[in-house]
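I opened the model to look up a few contacts. These are my notes, entry by entry.

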Amino acid sequence: MTKIKTTMVFLLFAGLLFAQEMTGLDIMLKVYNRPTGDDMTANLTMTLENSRGDQRIREIKQFLKEMGDMDKKIMFFISPADVRNTSFMNWSYADENKNDDQWIYLPALKKVKRISSDSKSDYFMGSDFTYDDLGDRHPSQDTHTVLKEESIDGVDCYVVESIPKDEEYMYSRTVTWVVKDKWIGLKKEFYDEDEDFLKRLTLKEYKEFGDVIIITNVAMKNEQKNHQTEMKLSDVKINTGIADRQFTERMMKRGF
Amino acid sequence: MKNLLHKLLQTPKISLIIILALTVFFFMQMKSKASMETNLDKYMPQNHPAFVYSDQAEEWFNIKDGIIIAIENTEGIYNTSSLDKIKKITKQLQKMPEIEKSDVTSLYTADNIVGTEDGMDVKAFYKRVPKSEEKLKELQQKVQANEMVMGRLVSADENVSLIIARIGDDVFTQDFYNRILDLGKSYEGPENIYVAGRPIVEGTMALLGPADMQKMVPIVIVIIMLVLLVLLRSVKNTIFTLLVVFISTVWTFGLMAFVGIPIYAVSTMIPVMLIAIGVAYGIHLYSHLEMTLLQKSHLSTRDAVEDMLSEMWKPVVMTAVTTAVGFISLLTSQVYPIKYFGLFTAFGVLSAMVLSLVMIPAGLMIFKLPKIKKPKNSTQSNTSFAHRFSNGLLKNKSLTIVITGLIIVISIIGMQKVWINSSFLDKFETDSDIVLTDKFINENFGGTSMLSLVLESDNKGAFKNSDALRVVDEMQDDIESLEIVGNSFSLSDYLKRMNKVMNADDETFNIIPDSQELIAQYLLLYEMSGDPENLWKVTDYDFRKLNITVQIKSDNSKETNKVIDKIEQYRDEFAGLGIEMNYAGSGYKALVFTDLILEGQISSLLMSIIIVFVLLSFMFKNIRAGLIGSVPIIITSLISFGVMGLLNIPLSTTTALMSSIAIGIGIDYAVHFIDRYKINLAKTEDMKLSLGKTMHHSGRAILFNAVVVIAGFMVLLFSVFPPNRVLGALVSLNMFTSFVGTLTVMVLLIKYFNLFSKNNQRKENDND
């Protein structure tokens with residue numbers, strides 16, 4: 001939802017040129033640019049499960065806001081108890097060459113610290129999602145092909161294969177089932193560098209708020225490690241007009 | 001039995017054809033079904049608590065053995081070529097189907113967690129290989145500042161860097177081993193590439209041992225054949241004596257294949273046992289035949305062979321049965337390969353007995369008696385030598401007793417020093433490539449052998465508690481103070497690093513944080529920024545379990561036990577915190593496994609001595625005969641262990657099995673001698689004369705037997721594989737001591753206890 005204006009122009013042309021057939025890139029851009037509201041407040045429950053069936057559950061209160069050429073996100077841990085009030089802030093930029101800015105506040109240390117990573121391929125908080133998987137990867141970084149159209153449980157989908165332009169990228173390819181007209185991924189399969197099947201993302205639930213669709217339950221299963229993560233949103237509120245000053249180091253310390 | 005053997009004599013051809021048919025059958029079985037079992041884990045008793053625990057812990061923390069590839073550039077590793085090689089080797093290893101991508105660690109894959117003024121930074125050391133001078137310098141500085149990498153992946157002198165690929169127990173194959181070695185070789189020059197690590201050592205051993213045996217065994221057989229030829233003075237006799245050994249070996253392995261039991265590493269010792277034990281039957285039979293013919297040259301073939309059978313079938317059956325029972329006592333072992341080893345060797349020994357009693361007479365019937373070349377004055381001088389020896393022995397009995405007593409005392413002292421070694425590396429030549437590579441890596445890095453210490457508590461979050469972690473940290477410092485320990489690694493190292501990094505790299509914060517909250521928050525932070533998978537190698541989801549890895553510079557059992565002793569000092573302190581301690585990992589399993597083998601070996605040794613005593617008493621219907629007959633075995637075992645202790649040869653799976661040979665051979669000598677003595681005494685009723693006669697008859701055959709086997713096994717002293725050398729030396733030693741013990745100490749005991757003599761024989765003693 002960052003580059004809405006440029007994309008709108010682009011889409012206008014694309015729409016004129018390929019009025020009938022949508023290309024893979026068109027579809028993936030539609031997904032990338034699907035409106036998700038100006039801001040969102042929700043409770044996130046993240047359930048991690050390893051191959052032995054051990055579970056870890058984290059409860060997080062999160063705030064998101066789209067601000068021009070950047071997205072800001074702030075997360076407050078509610079449980080487990082020993083990390084309560086730990087907060088995490090992320091500023092993600094439309095400029096692909098600019099790395100995200102990230103801060104963490106550790107209440108036991110009473111300090112906000114910047115953390116940085118050079119890789120979008122890092123896993124998010126020990127889950128099976130990378131930052132890229134969570135929607136940070138721009139479609140222009142891959143080459144997309146529509147493999148076929150398919151109906152899954154009565155839902156019509158485009159099946160799009162995406163191959164990264166950078167050969168060193170962690171996935172050799174992904175295949176996404178995109179729901180027609182809704183532009184949400186119903187499922188997605190990831191193949192590792194050696195082209196072996198790695199993991200599968202499954203959409204379990206979504207909610208429509210007017211023309212905004214919010215995915216409220218999604219699971220990722222790493223088939224090689226037999227490890228999975230479920231992310232569930234509850235109490236979702238959109239467009240409540242969260243103030244810009246909510247996304248500062250001071251607020252990280254203060255809590256929600 | 002006797003009647004049956006005589007009946008078989010009437011149809012020698014049919015007997016031979018049946019034996020041939022059976023041999024062909026077993027050979028076909030062996031050819032089509034035999035399989036080697038090389039996975040060492042299959043040897044371990046799967047339900048032993050130590051193994052069950054270790055296997056479980058290996059699964060919890062993904063504990064695996066690492067193949068270590070070291071890349072050395074004497075000009076330093078911070079140059080474009082060496083860094084490129086590190087990257088390429090890493091990627092190639094990651095692509096191998098046997099290796100999981102995340103199990104490869106190198107400077108290329110490692111995360112560099114560094115503190116910055118306002119926070120923390122997690123980056124790769126390099127993605128694209130740095131080319132410019134400044135970039136290389138920058139990388140060098142980054143490595144120097146990170147103690148989680150410096151000294152672990154890069155050596156202190158910055159000339160060596162490691163690439164570690166951890167592999168599961170079940171993926172190792174010969175082909176994989178070759179591919180790894182080829183991979184290393186292809187990157188040689190100007191850098192030196194070394195390949196090491198437990199899987200490589202195990203792999204090399206699995207290849208080198210049998211390969212060396214394959215080379216040496218034919219030479220052993222040739223030497224035995226030549227010596228037999230000289231002693232038996234007959235090509236036919238030599239061939240039949242050896243055929244007994246070969247065919248019994250084929251039957252044994254054929255039966256193994258037939259019932260579907262794979263060939264384990266210890267099973268390769270079966271032929272060794274059968275050679276050492278099996279030639280005896282032929283030698284005794286032919287020796288008796290020759291002596292009979294020398295006295296009664298007019299005998300027809302049939303009569304001579306019948307005489308041989310009636311005189312000799314009993315001692316041959318007795319020796320075989322007692323030897324077999326000795327091996328069967330190995331069934332008490334908890335280790336399946338050892339059970340099978342005992343069972344099948346017993347089968348082999350009994351086969352050799354049957355073959356000797358059927359095939360040798362049949363062969364004599366068909367191919368006629370060997371021509372006895374009467375050596376000029378041999379019989380006379382032989383006889384007189386035997387008598388002179390036996391008389392001299394009786395005269396100087398105090399000398400024999402003193403020497404024997406002395407040897408026993410020294411042996412018992414030596415036995416105290418016997419130690420057990422489960423080391424693989426110690427099995428190689430000290431200047432072999434594999435030992436030198438290991439030494440090289442141990443000099444530059446933490447250590448090539450791993451011991452995992454697993455801590456467990458009933459309470460969730462136990463290892464987020466700073467009190468518990470402080471004890472862990474203190475213990476790690478303590479272990480690391482041992483010279484043999486290079487490094488140790490646990491959750492505490494992560495926390496100390498995080499604490500330091502989050503406090504602007506201040507060294508005073510390189511300690512365990514105070515509060516559980518801070519620890520939990522650091523861990524959360526680590527998960528956000530590092531590779532969270534790493535965390536599950538040191539703890540579990542609930543922080544109830546902890547895995548502490550200790551890197552040891554040797555896989556020698558003595559050294560490993562030193563480390564364990566140190567760790568054990570903390571058992572009570574951990575118990576006070578509600579924490580239980582256990583060990584895991586392949587090195588530890590090998591340690592326990594070796595103990596198990598030896599425990600079984602020693603108890604079965606004791607048991608077989610008792611069984612032998614009972615059997616002998618029963619066979620000779622005389623308890624004294626049982627006691628006296630057991631003496632050579634006891635002396636042989638004592639000396640065998642004593643010499644090992646004195647020469648610092650540790651007990652291992654192969655050397656432990658040597659005691660079985662001591663029993664097998666010792667008992668044969670004793671039985672032959674006692675049986676012949678009983679016959680002679682019954683005839684002459686003169687103890688001295690009987691002893692001399694027996695010395696001439698059985699003593700000669702025993703001497704031949706000892707000479708043949710010792711000559712053959714001495715060949716193994718030229719083996720390139722040290723365990724095979726030890727094997728050769730110990731078999732020869734056991735043969736020698738059994739031989740000497742039987743013909744000296746046992747003879748004296750027979751005399752002293754007036755074995756088999758009637759009451760009135762006392763007067764004999766007055767002559768001395």
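What share of the contacts in chain A with a separation of 6 or more comes from residues 24 or more positions apart? I found 42%. I counted two residues as in contact if their C-beta atoms, placed from the backbone, lie within 7 Å.

**Ground rules.** I noted that this is a predicted model: local features need pLDDT of at least 70, side-chain atom pairs count only at pLDDT 80 or more, and totals for chains, interfaces and linings use all residues. Residues are numbered from 1 along each chain as its sequence is written, and chains are lettered from A and ligands numbered from 1 in the order in which they are written.

**Chain A, overview.** I looked up the elements and found four helices and 13 strands. Helices (H or I, at least four residues) and strands (E, at least two) are DSSP runs, numbered from the N terminus. Of the 256 residues in chain A, 29% are buried. Buried stands for 20 or more other C-beta atoms within 10 Å of the residue's own; exposed is 12 or fewer, and partly exposed lies in between, with C-beta atoms placed from the backbone.

I started with strand β1 (residues 39-49) and strand β2 (residues 55-67) of chain A. They pair in the antiparallel sense over 11 bridges. Two strands pair if DSSP finds at least two bridges between them. Ala42(A) stands opposite Gln62(A) in β2(A). The hairpin of β1(A) and β2(A) has five residues between the strands, and Gly53(A) in the turn has a positive phi of about 85°.

I then followed β2(A) onward. Nine bridges join β2(A) to strand β3 (residues 70-79) of chain A, again antiparallel. Gln62(A) stands opposite Met75(A) in β3(A). This hairpin has two residues between its strands, and Gly68(A) takes a positive phi near 60°.

**Chain B, domains.** I read the assignment, whose bounds come from an automatic or database source. Domain 1 is 2-33 + 204-416 + 591-767, domain 2 is 49-196 and domain 3 is 440-584. The C-alpha centres of domain 1 and domain 3 of chain B lie 55 Å apart.

**Chain B, sheet.** I traced an open sheet of four strands in the order β2-β5-β1-β6 (chain B), with antiparallel pairing. Its edge strands are β2 (104-105) and β6 (192-196) of chain B, and each pairs on one side only. β2(B) and strand β5 (residues 160-167) of chain B pair over two bridges. Thr105(B) has Ile164(B) as its bridge partner in β5(B).

Two helices then came up. Helix α4 (residues 80-95) of chain B lies across β1 (65-72), β2 and β5 of chain B, at about 5° to β5(B). Helix α14 (residues 433-444) of chain B packs on the sheet and touches β1, β5 and β6 of chain B; its direction makes about 100° with that of β6(B). Axes here are lines fitted to C-alpha atoms, for helices over the stretch in contact, and angles run from 0 to 180 degrees between N-to-C directions.

**Chain B, helix pairs.** Helix α15 (residues 466-480) of chain B and α16(B) pack at an angle of about 100°, with their axes 9 Å apart. That makes α15(B) roughly perpendicular to α16(B); the label covers 65 to 115 degrees, while under 35 is roughly parallel, over 145 roughly antiparallel and the rest oblique. Leu469(B), Val472(B), Asp473(B) and Gln476(B) of α15(B) make the contact with Leu491(B), Ser492(B) and Leu495(B) of α16(B). I sorted these residues into four nonpolar, two polar and one charged. Ala, Val, Leu, Ile, Met, Phe, Trp, Tyr, Cys and Pro count as nonpolar, Asp, Glu, Lys and Arg as charged, and the others, Gly among them, as polar.

Next I checked helix α16 (residues 491-501) against helix α17 (residues 516-529), both of chain B. Their axes come within 10 Å and cross at roughly 90°. Tyr494(B), Leu495(B), Met498(B) and Asn499(B) in α16(B) meet Ile519(B), Tyr522(B), Leu525(B) and Tyr526(B) in α17(B). This contact has seven nonpolar, one polar and no charged residues.

**Chain B against chain A.** The contact takes 23 residues from chain B and 21 residues from chain A. On the side of chain B, the largest share, 10 residues, comes from α17(B). That side divides into 11 nonpolar, five polar and seven charged residues.

**Last entry, Gly728(B).** Gly728(B) lies in helix α24 (residues 722-752) of chain B. It is buried, with 22 other C-beta atoms within 10 Å.
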